[in-house]
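Biologist: I would like to learn to read a fold, feature by feature. Can you take me through one?

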Amino acid sequence: MEDEIVRYGRSLPVIISMICFSFLNGAVSEVYDVGDENGWDSEVDYASWSEKYNFTVGDVLEFKYNTGQHNAFEVTESTYRTCDTSTGVLSKYESGDDKVKLNESKKYWFVCGVSGHCLGGMRFGIDVKAGNSTSNLEPIPPANSGTRALVFDRWSLGLYLFAFRTLLNLFC
């Protein structure tokens, strides 16, 4: 009996690590600084910026800009195409440091609602896919971008910690 405990005790770190990593798989989201180091500004080609990444449900877009000079609106496709924000605005962000969580698998459309900015190029659309998977790998960004960070969904992290504590109580 004591030999069994010693034998299982040696493999315990491996078992705990495997369980922990299985909980983390799919719980990691990306945070994207819109426009990378340039932020949300009229000098950026957002069509090219948005094509560099593969967005998945749970990812976060962070719009950084000078308050009063810009804003960010989530809009319908029709509003995106016409740049007429008198209708079709789904959400308005005006803080200068706006975080937009991509909660659904769908096409999202964003524009700057300041007069002339949308027509000047401050707009983009992204196609958000369901879940993080190995088949949806993201292109490697430029080395100087430094704009992505890992974020854990709270419920996943909580579940991970609960499982870890339970395993420790069982085997220790």
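Modeller: We will go through strands, cysteines and charged pairs in turn. Keep in mind that this is a predicted model.

Biologist: Start with the strands. In which sense do strand 1 and strand 2 pair, parallel or antiparallel?

Modeller: Look at the bridges between the two strands and the direction of each. Strand 1 covers residues 28–33, and its pairing with strand 2 is parallel, over three bridges. For a landmark, find Tyr-32: its opposite number in strand 2 is Leu-61.

Biologist: What unit do strand 1, helix 2 and strand 2 make?

Modeller: Follow the chain from strand to helix to strand, then judge the hand of the crossover. Here the three elements form a β-α-β unit, and it is right-handed. Helix 2 spans residues 46–51.

Biologist: Which way do strand 2 and strand 5 run, parallel or antiparallel?

Modeller: Antiparallel, with five bridges joining them. Strand 5 is residues 97–101.

Biologist: Is strand 2 largely enclosed or open, and why?

Modeller: Count the buried residues along the strand. Strand 2 has five residues, 60–64, and four of them are buried, so the rest of the structure largely encloses this strand.

Biologist: Now the cysteines. How many disulfides does the count give?

Modeller: Go by the distance between sulfurs. The count is one disulfide. Cys-83 and Cys-118 form it, with 2.0 Å between their sulfur atoms.

Biologist: Which parts of the chain does the pair tie together?

Modeller: Locate each partner among the helices and strands. Cys-83 sits in the loop between helix 3 and strand 4, and Cys-118 in the loop between strand 6 and strand 7, so the link ties parts 35 residues apart in sequence.

Biologist: Is this disulfide left-handed or right-handed?

Modeller: For Cys-83 and Cys-118 it is about -65°, so the disulfide is left-handed. Burial comes next. Cys-83 is buried at 16% relative accessibility, and Cys-118 is buried at 3%.

Biologist: On to charges. What is the general idea?

Modeller: Side chains of opposite charge can pair when their charged atoms come close. Searching the whole structure gives seven salt bridges.

Biologist: What does the salt bridge of Lys-52 and Asp-36 tie together?

Modeller: Take the distance, then the location. The N to O distance for Lys-52 and Asp-36 is 2.5 Å. Lys-52 lies in the loop between helix 2 and strand 2, and Asp-36 in the loop between strand 1 and helix 2, so the pair links parts 16 residues apart in sequence. Lys-52 is partly exposed at 30%, whereas Asp-36 is buried at 8%.

Biologist: How far apart are Glu-77 and Arg-81 in helix 3?

Modeller: Four residues, or about one helical turn. Their side chains form a salt bridge at 2.7 Å, N to O. Glu-77 is partly exposed at 37%, and Arg-81 is exposed at 52%.

Biologist: What about Lys-129 and Asp-127?

Modeller: They form a salt bridge too, with the closest N and O atoms 3.0 Å apart. Finally, look for shared partners: salt bridges join Glu-62, Asp-97 and Lys-99 into one network.

Key
Residues numbered from 1 in each chain as written. Predicted model: local features only at pLDDT ≥ 70, side-chain atom pairs only at ≥ 80, totals over all residues. Heavy atoms only, no water. Buried < 20%, exposed > 50% of the residue type's maximum accessible area, 1.4 Å probe, protein only. Pairing = 2+ DSSP bridges. Right-handed = clockwise from strand over helix to strand, strands pointing away. Disulfide = S-S within 2.5 Å. Salt bridge = Lys/Arg side-chain N within 4 Å of Asp/Glu carboxyl O.
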